[in-house]
Amino acid sequence: MSFQLTFSRRHKYEETDSGIPLNVILQFGGSEVECAAKVDPGAQFCLFRREVAEQLGIDVEAGIKQNLRTLNGSLVAYGHDVKLITLKVELDSYVCFAKDYGLPRNLLGRIGWLRRIRLAIIDYDQELYLSDYNAQD
Amino acid sequence: MAAAAVEKVVSEFEQLSPEQQREALRLLRQKLNGSAPHEAVTRPKRLNERAREYAWLEEHRAEYLDQWVALDGDRLLSHGPTLAHVRREAEAQGVEDALMILIETAEGPEFQKRGKGDRIVAVNVPMPDRSREHEWLKQHEHEYAGQWLALDDGRLISHGHSMKEVAAEAKKLGFPNPYFVHAESPDDLPWAGF
């Protein structure tokens, strides 16, 4: 048995890239920040640096506190509703921002991103395919 | 202002494209209403890619509240209750990359779903092509390892250890919406997750 999926967008990344990066635009209120984030299907949440939240004018600690488990312990983050754009698909998303400065990278995880899109990765060719997931199809 | 000067302004206005005229009127309205004068400057330039669509939305938003609309330039291809509906109708007209947006109100049924799960609110929205910035990063990122970089127009605009300061410097130099990167070093150990 074989399966076929179709996607509206294809994105090429570099073999030399660390992880699978995507350009992301985050919007909150009247502000927006464009930055890089790594695709991480193993992450439960989208997690961004505190610095990005501050640039958007978000009061980080006013969000929903989330204790997140990591490979070597835990970290505290706060969840906020923002708009998140990747590959021309705009979502109302629940995104966590780290409590502390200096988070090593921004992550695109399941809640807030992956569960509202269709995604395929052919890492051998450094290709990522993406469409919006339309629950009302 | 002398009558001749007013006539000159009107004459120049008439020579603008319809999009430029709308933008000029918007700016004038802003000035008359006393709103923030820098707003037009900070409007992301990526939106110019869909200027006709966004001008249409500004003009017709009230007529399509709580509906999805599909637009090709200033042409309304479809409107209806779901993204699937407007996508089907847009594609039936041969338009594969229509801008599809949910026009919502705070009282509407879609807005009430907020916080009950993520949802798609627009498709085919403009995003800047950052391939030139990525080319620059390939050559130079390692020189700035551990710093915040603001990139635009294929080049480095500002850099430093504070994102806030880097952003402020970029804005001061006329780049209010740059692409922010926290530079990595090629000597960093491979990533194994948090």
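1. **Before you start.** Residues are numbered from 1 along each chain as its sequence is written, and chains are lettered from A, with ligands numbered from 1, in the order in which they are written. Because the model is predicted, local features need pLDDT of at least 70 and side-chain atom pairs count only at pLDDT 80 or more, while totals for chains, interfaces and linings use all residues.

2. **Where the chains touch.** Here 33 residues of chain A are in contact with 29 residues of chain B (contact means that two C-beta atoms, placed from the backbone, lie within 7 Å). On the chain A side, strand 2 (21-28), strand 3 (31-39), helix 1, strand 6 (73-86) and strand 7 (89-98) each supply at least two residues. The largest share, six residues, comes from strand 7 of chain A. Helices (H or I, at least four residues) and strands (E, at least two) are DSSP runs, numbered from the N terminus.

3. **A pairing across the chains.** Strand 7 of chain A runs antiparallel to strand 4 (residues 119-123) of chain B, and four bridges join them. Two strands pair if DSSP finds at least two bridges between them. In this pairing, A:Asp92 stands opposite B:Arg119.

4. **The largest nonpolar core.** This core holds 70 residues, and A:Cys46, A:Leu47, A:Phe97 and B:Met100 touch the most other members. Strand 7 of chain A gives the largest share of the core, seven residues. By definition, such a core is a set of buried Ala, Val, Leu, Ile, Met, Phe, Trp, Tyr and Cys residues joined through C-beta atoms within 7 Å. Leaving aside neighbours within four places in sequence, the contacts of B:Met100 include B:Trp68, B:Leu83 and B:Val123.

5. Which residues of helix 8 (residues 163-172) of chain B are buried? They are B:Met163, B:Val166, B:Ala167 and B:Ala170. Buried means 20 or more other C-beta atoms within 10 Å of a residue's own, exposed 12 or fewer, and partly exposed in between, with C-beta atoms placed from the backbone. Seen down the axis of helix 8 of chain B, the buried residues fall within an arc of 100 degrees, so they line one face; the arc is that of the directions from the helix axis to the C-beta atoms. The face turned away carries the exposed B:Lys164 and B:Lys172. The buried residues pack against helix 1 (50-56) of chain A, together with strand 5 (148-152), strand 6 (155-160) and strand 7 (179-182) of chain B. After the helix comes B:Gly174, with a positive phi near 95 degrees.

6. An open sheet of three strands has the order 1-10-9, with antiparallel pairing. Strand 1 (9-12) and strand 9 (117-122) of chain A stand at the edges with a single partner strand each, so one side of each has no neighbour in the sheet. Six bridges join strand 9 to strand 10 (residues 127-132) of chain A, and A:Ile117 stands opposite A:Asp132.

7. **Two positive phi values to look up.** A:Lys88 is not a glycine, yet its phi is positive, about 70 degrees. A:Lys88 lies in the loop between strand 6 and strand 7 of chain A and is partly exposed, with 18 other C-beta atoms within 10 Å. A:Gln126 also has a positive phi, near 55 degrees. Its place is the loop between strand 9 and strand 10 of chain A, and with 15 C-beta neighbours inside 10 Å A:Gln126 counts as partly exposed.
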